[in-house]
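Subject: Structure handover and notes

Dear colleague,

Here is the structure I promised to pass on. Please open it first, and then read the notes below alongside it.

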Amino acid sequence: MSVDVLLGLQWGDEGKGKIVDVLTPEYSVVARFQGGPNAGHTLEFEGIKHVLHTIPSGIFRKETMNIVGNGVVIDPVTLKKEIDALLKMNVEVNKLLFISRKAHVIIPTHRLLDAASEASKGKEKIGSTLRGIGPTYMDKTGRNGLRVGDIEAADFMERYSRLRNKHIELLNHMEFDYSLDELEGPFFEAIEEMRKLNFVDSEYLINTQIRAHRSILAEGAQGSLLDIDFGSYPFVTSSNTITAGACTGLGIAPGKIGKVFGIFKAYCTRVGSGPFPTELHDATGEAIRQAGREFGATTGRPRRCGWLDLPALKYTIMINGVTDLIMTKPDVLSGFDTIQVCTQYKIDGKVIDYMPFDVVNAKIDPVYTPLKGWKKDLTGITKEEDFPAELKSYIQFLESELNVPVSIVSVGPDRVQTIRRELNYKTETVLH
Ligand code: GDP
Ligand code: IMO
Ligand code: MG
């Protein structure tokens, strides 16, 4: 059996958590492959709204195995809070959740280093979630990191102290006030809680599931435009958020990848710093922010809003090998007379439809195609026939531009506000 992947095609917050939760009944296993508590994945069902940071979004379905893969970085304190909240909701976390021994651990000084590094950058700051993500991945690639499996080692405290002391030396050079004691107490409490969880060699576990013909969904975090290699560097996160990240972050061979669900909002948002060619600094941007409740699920920061960007989407569809598109939040655009879609970029008078190298410094003017908006409230719609004609045209326009079918449209935050489209043509990998 192959592994399907669901990941964000923009700058994160596309609605991955909601759609993974919707698709989970079709899968035996849901696995996170990268990122960490910088993610905030929101699920809504039966009047409950829940945000997950580290735990896969399949956790609310009783029969599904949820794996946190080796590519993820785990903050024991955040994980403990997530688990406590789930236990209160009678979720059998200890039965359903499996953690890779090779996943790296975020220790308190990683968070301090993240904060110190951002503070030292001043206006150039990345707008990190300050969850310690960058420093933890730096220690991973720098070959200094602490892994979940180390918690089981007799000399865990020595391994921990070695890394912490290294960080303290760095912090001493950084003019940054901190108090480590108040962070270490909750950290060690959380480490003790973690010992109760199922630590596994997740690459073996997943490949055994594949051989047993059990279906697996890999859940991405962040979005492709935040990818460390292909995002708007340096305004990116520190992991590979793209399909390839599922291979390295879970130990799956590339040939085992099946469908790739690429999820995008009907417009764009970005939280944190960095280029955003279609950003709206006007009343329209504010209207989208309010209608879409565009405030971060992890940090509460207002998200920057703008029109849909097709050169960026074409790029991320190409990099990921997207086979199925999923569009979320068109309901937020109800009421606009005209909806703009960026189809090309103009740089120094030259019109292009690809992602330029220097996306950070280039002065990009988006070239827009205006499309007619729809007035109807979409949130109660349950079948595609009831979509307003203008929304049908919007989707058709996107499919013809992007050359990949939109197989799911989400019209609200709740599980039930999800419409599977009857596709007129077979879903197959489209080569770009
Ligand atoms: P994720 O990080 O990709 O899982 O997305 P977030 O949870 O950070 O942000 C998506 C937000 O949009 C959440 O508040 C969701 O509840 C909400 N949402 C998801 N799909 C839809 C939709 O189709 N319409 C509306 N109005 N809200 C949605
Ligand atoms: P989900 O999974 C949106 C952004 C931060 C910052 C940059 C680097 O919920 O879609 P980091 O803390 O990773 O060093 O921050 O990446 N960022 C996200 N933006 N959604 C996310 O996750 C994000 N995770 C990180 O705002 O600009
Ligand atoms: Mg989010």
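Is Asp-13 buried, partly exposed or exposed? Asp-13 is partly exposed, at a relative accessible area of 23%, where buried means under 20% relative accessible area, exposed means over 50% and partly exposed lies in between, with a 1.4 Å probe and protein chains only.

Before going further, please keep in mind that this is a predicted model, in which local features need pLDDT of at least 70 and side-chain atom pairs count only at pLDDT 80 or more, while totals for chains, interfaces and linings use all residues. Residues are numbered from 1 along each chain as its sequence is written, chains are lettered from A and ligands numbered from 1 in the order in which they are written, and side-chain values use heavy atoms, with hydrogens and water left out.

The metal site

Asp-13 (OD) and Gly-40 (O) coordinate the magnesium ion, ligand 3, at 2.1 to 2.2 Å; donors here are N, O and S atoms within 2.8 Å of the metal (3.2 Å for Na, K and Ca), and since water is not among the atoms, sites may look incomplete. Asp-13 sits in the loop between strand 1 (3-8) and helix 1 (16-23), and Gly-40 in the loop between strand 2 (29-32) and strand 3 (41-45), so the pair ties together parts that are 27 residues apart in sequence. Helices (H or I, at least four residues) and strands (E, at least two) are DSSP runs, numbered from the N terminus. Gly-40, for its part, is buried, with a relative accessible area of 11%.

The two other ligands

Around ligand 2 there are 21 residues, of which Asp-13, Lys-16, His-41, Thr-129 and Thr-237 come nearest; a residue counts as near if one of its heavy atoms lies within 4 Å. A backbone N or O atom of Gly-40 lies 2.9 Å from an oxygen atom of ligand 2, and a backbone N or O atom of Gln-222 lies 2.8 Å from an oxygen atom of this ligand. On its own, ligand 2 has 560 Å² of accessible area, and the protein covers 97% of that; the areas come from the Shrake-Rupley method with a 1.4 Å probe, and for residues only the protein chains shown count as cover.

Ligand 1 is surrounded by 19 residues, the closest being Gly-15, Lys-16, Thr-42, Asp-331 and Ser-410. An oxygen atom of ligand 1 has a backbone N or O atom of Lys-16 at 2.7 Å, and a polar side-chain atom of Lys-329 lies 3.0 Å from an oxygen atom of ligand 1. Taken alone, ligand 1 exposes 580 Å², of which the protein buries 93%.

Backbone details

The peptide bond from Tyr-233 to Pro-234 is cis, with omega near 5°, and Pro-234 is placed in the loop between strand 10 (216-223) and helix 9 (243-250). Glu-175, although not a glycine, has a positive phi of about 45°; Glu-175 is exposed, with a relative accessible area of 80%.

How values were computed. A polar contact is a pair of N or O atoms within 3.5 Å; within protein, one must be able to donate a hydrogen and the other to accept it, and residues adjacent in sequence count only if both atoms are side-chain atoms.
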